[in-house]
Amino acid sequence: MPLFRTAALTCLAMAAFAANSLLCRLALQSHSIDAASFTAVRLVSGAAILALVVGLRRASCVGVGNWWSAGFLFAYAAAFSFAYGSLSAAAGALLLFGAVQATMVGVGLCRGEKLALRQWGGLMLAFGGLVVLLRPGLSAPPLGAALLMIFAGVSWGLYSLRGKAAADPIGVTAGNFLRTVPFALLLPLLMQDRTSLSSAGLAYALCSGMLTSGLGYVAWYAALPHLKAGAAASVQLSVPLLAAIGAVSWLGEPWTMRLTLAGVAILGGIALVMVSSPVGGPVSSSK
């Protein structure tokens, strides 16, 4: 694949992943849709567009993927939506990204992988940034919502690790999305008393499912084979930054000193871990 095309697909995927946070926060902030309905529409529409992409390749996503991965995918999507009912887009993206990468590094340690002194320093720096972000104060994000977003990141990290060796990542992703549909449809039924759905909210959720999730993953998996492991991991550092810039520019969110310090510590610490990681380290998408 030409270098320009790889770069374009990578940039498109990172922008899509950041836009997921912006779309969800915008939808819930404006009360145009509830979190359960947003999750359902996002997953069902994502399954539809991915099934279409797989179908155009004359393949099928039926029977591909597995229920454990689908469970982690659903847990991520649901926790992501409910957390953004109270979190800013910038803080949410930072917590999500940090939790995804921390989970993947943590699982690697449990499997016997070794970290150099610089990498341990990076982990401590990232943890310190998380403490700064969550420390009580006027600009601190709500603790419950923050923990929910961390749970979303852990779920996505586990989902990513399970799919790391997939021979056909787009087909497997489509199959896993398809398996989330029953759970996605059940969630709004369990929370009927909180249902809120408008045409604007439906549009935000459809964009999140079909464009920034479904087609975003297609773009990422098309670029991923042509990226070195270190580059694929490092480029994801741009996602929280893009989300923060979009939140300030389009959602009117303040850019606080707390968020700046925490962001530099968390992203800088993760960069130290990933740049020093051996080939085959964390490279999957965070969204």
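What volume does the second largest pocket have? I find a volume of about 350 Å³ for the second largest pocket. A pocket here is an open set of points on a 1 Å grid over the protein atoms alone, where a 1.4 Å probe fits, with protein on both sides within 12 Å along at least five of seven lines. Its volume is the space filled by probe spheres set on the points, which are joined across faces, edges and corners.

I note that the model is predicted: local features need pLDDT of at least 70, side-chain atom pairs count only at pLDDT 80 or more, and totals for chains, interfaces and linings use all residues. Residues are numbered from 1 along each chain as its sequence is written, and side-chain values use heavy atoms, with hydrogens and water left out.

**Entry: pocket lining**

I looked up the lining (residues with an atom within 4 Å of a point) and found 18 residues, with Gly98, Ala102, Leu123, Ala126 and Phe127 nearest the pocket centre. Helices H4 (89-110), H5 (117-134) and H11 (257-275) are the elements that each give two or more residues to this lining. Helices are DSSP runs (H or I, at least four residues), numbered from the N terminus. H4 gives the most, with nine residues. Nonpolar means Ala, Val, Leu, Ile, Met, Phe, Trp, Tyr, Cys and Pro; charged means Asp, Glu, Lys and Arg; the others, Gly among them, are polar.

**Entry: H2 and H8**

I next took helix H2 (residues 35-56) and helix H8 (residues 199-223), whose axes come within 8 Å and cross at roughly 40°. H2 is therefore oblique to H8. Axes are lines fitted to C-alpha atoms over the stretch in contact, and angles run from 0 to 180 degrees between N-to-C directions. Angles under 35 degrees count as roughly parallel, over 145 as roughly antiparallel, 65 to 115 as roughly perpendicular and the rest as oblique. The contact (heavy atoms within 4.5 Å) includes Phe38, Arg42 and Ile49 of H2, and Leu206, Met210 and Tyr217 of H8. Its residues comprise 13 nonpolar, six polar and one charged.

**Entry: H3 and H7**

Helix H3 (residues 67-83) and helix H7 (residues 169-190) pack at about 50°, their axes 8 Å apart. H3 is therefore oblique to H7. Among the contact residues I list Trp67 and Phe74 of H3, and Arg179 and Phe183 of H7. This contact has 10 nonpolar, three polar and one charged residues.

**Entry: H1 and H2**

The axes of helix H1 (residues 3-29) and H2 come within 10 Å and cross at roughly 140°. H1 and H2 are therefore oblique to each other. Asn20, Leu23, Cys24, Ala27 and Leu28 of H1 meet Ala35, Phe38 and Arg42 of H2. I count six nonpolar, one polar and one charged residue in this contact.
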